[in-house]
Amino acid sequence: MSASIASAFDSGNIRVLRQDGPSAFTLSIVPDAGGEFFQWFHFRLSGARGQEACLRITGLNRSAYPLGWPGYRARISADRQIWRAAPTSFDSNEEEGTLTIRVTPESDHLWIAYFAPYSIERHHDLVARMAILPGVRARVLGSSLDGQPIDCLEMGEGEREVWFYARQHPGETMAEWWMEGALEALTDPGFAPGARLLAQARLHLVPNMNPDGSARGYLRTNAAGANLNREWANPTATRSPEVLAVRSAMEATGVDFALDVHGDEALPHVFIAGFEGVPGVTEGQLRGLERYKALLLAHSPDFQTKVGYPPSAPGKANLSMSTNQLASRFGCIAATLEMPFKDCADTPTPETQWSPERSKTLARACLAALADLFDETRI
């Protein structure tokens, strides 16, 4: 019996170019709207129980981040709950860049993805689970182009205004796993840093800023083909209503601290990108950012500061990116948190690579570092 592949489901993305054998396929990734970006894949292999399957994804030299493939391992799951790393190799000289995944399924269905998916249904389960807890307020900031809600969960009674937001780039699913970890920590009475934060700040958490791209299986854009993290200088209702909704809500509250949660395709590290090149940035803002990073180093063995993006030259920061725009607009501390798609080179776990569980653990460390920062000084 011949195997088959399907991807017509929430966050699915793959195209079958040809079937090369009973359990062998040549595949390609469907680009995001606009055709500029592709990297995310998510599909189901069926009917290959006990057979070695060879899955070849081709044309990857033209993907959004070709340097993301060397050293990368695809994630697989039989139950969509536990994800592990599959034997994976990359050859840039084969069919314009080919990722080869070799698996022998022990079940009739096997799911294969770029990273452990975070479905729209799981998002709604998360929002519903949190919204009924004491002290949590749930509101809708606006709608996406496809009419999906931009959900925001709020808690805390302090004076500072803190914003956490994730999945501007929908294929970076570790960002919403991080959000799940943060929300669980903040609603856990036994998590002492959470209680300290709730006493000092009002927290606003947007778990998924790009539900349309998430559902469609995109890497980086919304339904209109807009890269949301290049829309913050001038968001519009017709191209980037998701950013317009969140930025408008931020203007209503003000912002003292903001963390934009992402994943990085190429660098096998956890790191933070700041706002050093923003025109008019103050020494106080820069000191606050550096202190936050130092505190996070103390709380997380996965976080490091040696490898990351080079800072922009003074006055040359791109203000269409959220971290730069918020630091400029509000005079706040803002940061972009990056997690790897590959294994974390500083603390490797070869069986799972970077994972949902590690993303959730990192969220607790980020919250603890922020609680410490607020204990030290007013920002």
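**Burial, helix spans and a helix crossing**

Reader: What covers the buried residues of H5?
Author: In this predicted model, the cover includes strand S11 (137-143), strand S12 (149-155), strand S13 (160-166) and strand S14 (201-206), together with helix H4 (211-216) and helix H7 (322-330).

Reader: Which residues of H5 are called buried, and what makes them so?
Author: They are Pro241, Glu242, Val243, Ala245, Val246, Arg247, Ala249 and Met250. The cut-off for buried is a relative accessible area under 20%.

Reader: How do you know what span to expect for H5?
Author: Helix H5 (residues 241-253) has 13 residues, and 1.5 Å a residue gives an expected 18 Å. From the first C-alpha to the last, H5 reaches 19 Å, which is close to that value. Just after H5, Gly254 takes a positive phi of about 85 degrees.

Reader: What makes H8 mostly covered?
Author: Of the 21 residues in H8, 15 are buried.

Reader: Which residues touch the most other members of the largest nonpolar core?
Author: Phe41 and Trp178 do, in a core of 107 residues. Helix H8 (residues 356-376) supplies the largest share of this core, 10 residues. Beyond four places in sequence, Trp178 touches Phe164, Leu259, Val261, Leu337, Met339, Ser359, Leu362, Ala363 and Cys366.

Reader: Why is the arrangement of H2 and H8 called oblique?
Author: The axes of helix H2 (residues 174-186) and H8 cross at roughly 50 degrees and come within 7 Å. That angle makes H2 oblique to H8, because angles under 35 degrees count as roughly parallel and those from 65 to 115 as roughly perpendicular. The crossing is right-handed. On the H2 side the contact is made by Met174, Trp177, Trp178, Glu180, Gly181, Ala182, Glu184, Ala185 and Leu186. On the H8 side it is made by Pro356, Ser359, Lys360, Leu362, Ala363, Arg364, Cys366 and Leu367.

Reader: Why does Ser28 count as buried?
Author: Its relative accessibility is 10%, and buried means under 20%, so Ser28 counts as buried. Ser28 is placed in strand S3 (residues 24-28). Leaving out residues up to four places away in sequence, Ser28 touches Ile14, Arg15, Leu17, Ile57 and Thr58.

Reader: Why is Phe9 called partly exposed?
Author: Phe9 has a relative accessible area of 27%. Partly exposed covers what lies between the 20% limit for buried and the 50% limit for exposed, so Phe9 is partly exposed. Phe9 is found in the loop between strand S1 (4-6) and strand S2 (15-21). Apart from neighbours within four places in sequence, Phe9 is in contact with His42, Phe43, Arg44, Trp111 and Ala215.

Reader: What makes Arg18 partly exposed?
Author: The value for Arg18 is 37% relative accessible area, so Arg18 is partly exposed. Arg18 lies in strand S2. Not counting residues up to four places away in sequence, Arg18 touches Phe25, Thr26, Arg56 and Glu95. Leu145 is 127 residues from Arg18 in sequence and 34 Å from it in space, C-alpha to C-alpha.

Definitions and conventions. Residues are numbered from 1 along each chain as its sequence is written. This is a predicted model: local features need pLDDT of at least 70, side-chain atom pairs count only at pLDDT 80 or more; totals for chains, interfaces and linings use all residues. Side-chain values use heavy atoms; hydrogens and water are left out. A nonpolar core is a set of buried Ala, Val, Leu, Ile, Met, Phe, Trp, Tyr and Cys residues joined through side-chain atoms within 4.5 Å. Buried means under 20% relative accessible area, exposed over 50%, partly exposed in between (1.4 Å probe, protein chains only). Helices (H or I, at least four residues) and strands (E, at least two) are DSSP runs, numbered from the N terminus. Contact means heavy atoms within 4.5 Å. Axes are lines fitted to C-alpha atoms, for helices over the stretch in contact, and angles run from 0 to 180 degrees between N-to-C directions. Angles under 35 degrees count as roughly parallel, over 145 as roughly antiparallel, 65 to 115 as roughly perpendicular and the rest as oblique. A crossing is left-handed if the near helix is turned anticlockwise from the far one by less than a right angle, and right-handed if clockwise. The expected span of a helix is 1.5 Å times one less than its number of residues.
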